[in-house]
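Please examine the sequence and the model displayed below before reading on.

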Amino acid sequence: MTARRAEPLAVTPVAAKGWRTACLAAHRNGERFEGLFATTGDGKTVALRALFSSPAKTRLIVCEDSDRRVETLVDAIPAAAWDEREAHDLRGVCFVGHEPMRPLLDHDAPLAAWTVPTIGHDTHEVAVGPVHAGVIESGHFRFHVVGERVLYLDVRLFYKRRGLEAAAVGHPLATSLAYAQRACAACAVSNSVAYAQACEQALGLAPDRELSRSRTLLLELERVYNHLHDISAICAGVGFAAGTMAYATMKERAQRLNEALTGHRFLFHTVRVGASDQTLDAETVARARGELRELRAEHASAWRQLQFTASLQARLDGVGILTRDDANRLGAVGPAARAAGIDRDLRSESPHLWYHRFEPVTAPGAAGDVASRTVQRALELDPSFTILDQLLAAPLTPGRTRTDFDPAEIGVGRVESPRGATICVIERNEGRLRTMHLRTGSYANWPALAHATAGNLLPEFPLINKSFELCYACADR
Amino acid sequence: MFVLLNQLRRIRRDIAAPPPVTRSSLALRHVDAGSCNGCEHELTAAANPFYDLAQYGLNLVASPRHADVLLVTGAITTRMQPALLTAFEAMPEPRLVAAFGDCALGRNLLGQADQHAGALEQILPVDLRIPGCPPTPTAIAAALIGALEQRSRGR
């Protein structure tokens with residue numbers, strides 16, 4: 001089968017005055033907000049981009065000269081809150097009506113500027129991090145609490161900011177992929193594929209069958225070891241060591257399989273722009289298939305045990321609830337959104353990948369709590385194992401691209417990572433990268449995690465945090 | 001629960017890890033100074049039943065005040081440098097510092113120069129180098145068991 005002809009990106013240019021009107025029109029039209037950012041080519045003119053999508057098309061609203069001043073979107077699209085705060089901190093864009101504009105990346109701002117004031121009898125703040133007690137990435141959490149009850153959580157990330165997007169600029173497109181990959185090890189394939197797809201869209205290229213098979217294989221291998229890891233981490237959050245270790249051993253086996261198939265436990269250096277070098281002979285795919293079938297059976301058996309472990313289950317129900325409305329409003333994505341009943345998965349709208357008639361699965365009941373997010377991971381493992389089994393039914397040969405439509409300066413790549421929709425927007429100058437913006441599933445979900453924490457007990461936070469299992473690295477970049 | 005424990009017992013039997021060679025221990029404290037999360041995944045993996053660092057007396061502790069070794073991962077961002085130094089200063093002496101992974105060793109760093117504070121070596125005295133992007137659990141185990149043996153011989 002040949003890949004469907006790709007839908008080129010719809011670019012809607014607007015003036016600064018028309019920014020809000022155009023974005024809200026897309027929003028009202030049912031198009032989903034997928035990110036907003038500011039770029040600058042010459043260091044003076046600041047351009048704005050907002051991405052909206054529907055299953056039928058992807059639309060980029062661009063404002064080439066914003067004069068650093070536009071009307072805000074957050075009152076209508078709360079999901080844009082972090083994006084606007086980031087554009088404000090990085091490029092000095094003033095979003096009129098976004099009040100108060102609290103700093104997000106700016107760590108020099110005084111405490112009062114970036115925390116939400118809480119007043120009342122006995123309210124106090126608990127500051128945690130950036131260094132945490134376990135083996136956890138660095139980030140700061142400021143809990144506003146009464147007794148043990150969390151009133152509000154301020155998440156202050158970007159301690160790990162390495163400036164990857166800016167540093168990627170100016171290199172040949174193929175070279176800059178390394179910067180997208182480095183953003184996060186656990187989402188290395190997702191970020192790389194999103195970047196590669198963005199470049200290919202800008203170059204007018206579409207992948208052939210082997211290239212889309214290769215990428216889908218890598219994406220699903222990444223999802224399997226991440227979901228196994230997440231279930232292990234949730235068991236650790238409850239202190240249920242038998243479950244933690246059972247799933248940690250399955251994750252280890254999955255990573256050893258990654259190494260056997262690609263030479264790297266995190267599948268690094270496997271994605272390229274415009275091609276794939278991966279070859280897997282008949283014997284290798286057969287062995288990998290066998291190993292995955294064993295893993296699948298082991299997961300099924302361990303999962304049954306977890307369901308009947310009362311001490312674990314008692315801790316999961318009704319904790320850290322993210323309602324469907326809040327998930328929609330805050331722009332939650334991935335397993336966290338599906339566990340709240342939103343049956344949206346970019347795999348069902350990925351013509352350049354090997355997903356045929358993919359149907360998103362949602363946890364039964366979809367209560368949006370820790371229990372639902374745990375069940376969601378376990379449920380999603382099944383289709384991933386099935387897809388891998390189908391992909392590994394035949395040997396894999398190197399993949400290529402062919403010219404499919406007119407090249408452009410801008411390209412967008414969209415991939416369902418283990419944590420949700422990951423978006424990469426690139427602009428090119430001939431063969432070199434002019435700008436890159438990576439908005440990962442983790443970035444989209446951090447505000448939803450903070451919201452789901454409010455109202456719970458402070459000691460529940462590690463568990464709630466693990467049930468989302470967001471990366472700090474690919475939010476900080 | 002018993003099924004889970006049996007699965008774990010079976011894995012332990014299949015792996016047949018060599019018995020610990022020393023009776024001492026090292027308390028480990030981890031600080032992520034700007035990693036891509038790969039080093040954290042592999043450090044966590046080193047505690048899984050395949051490697052089981054705990055059996056050698058290598059345990060991760062919650063506070064730098066209880067730690068013998070500081071495991072530093074990542075590119076050492078300017079934003080993490082103060083917290084890294086605070087953690088180091090909180091450790092009792094004698095203390096070891098490990099540059100954990102290629103970024104901490106200053107190898108193949110990616111990003112803007114003004115966001116990076118420099119390789120760990122320029123910031124703290126480094127005693128232990130664990131290369132890799134990220135280091136595999138096998139490499140982590142070998143480096144830490146090596147440090148443990150060296151320390152017990154030195155006593």
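The model is predicted: local features need pLDDT of at least 70, side-chain atom pairs count only at pLDDT 80 or more, and totals for chains, interfaces and linings use all residues. Residues are numbered from 1 along each chain as its sequence is written, while chains are lettered from A and ligands numbered from 1 in the order in which they are written.

Chain A contains 16 helices and 14 strands (DSSP runs, H or I of at least four residues for helices and E of at least two for strands, numbered from the N terminus). Its radius of gyration is 22 Å, close to the 23 Å that the globule rule gives for 477 residues, so chain A is as compact as a globular protein of that length; the radius is taken over C-alpha atoms, and the rule is 2.2 Å times the number of residues to the power 0.38. Of the 477 residues in chain A, 55% are buried, that is, 20 or more other C-beta atoms, placed from the backbone, lie within 10 Å of their own.

The contact between the chains takes 38 residues from chain A and 39 residues from chain B, where two residues are in contact if their C-beta atoms, placed from the backbone, lie within 7 Å. On the side of chain A that touches chain B, α8(A) gives the largest share, 7 residues.

Strand β12 (residues 410-417) of chain A has 7 of its 8 residues buried. β12(A) pairs with strand β13 (residues 420-429) of chain A in the antiparallel sense over 8 bridges; pairing requires at least two bridges found by DSSP. The two strands, β12(A) and β13(A), form a hairpin with 2 residues between them, and Ile410(A) stands opposite Glu427(A) in β13(A).

Definitions and conventions. Buried ≥ 20, exposed ≤ 12 C-beta atoms within 10 Å, placed from the backbone.
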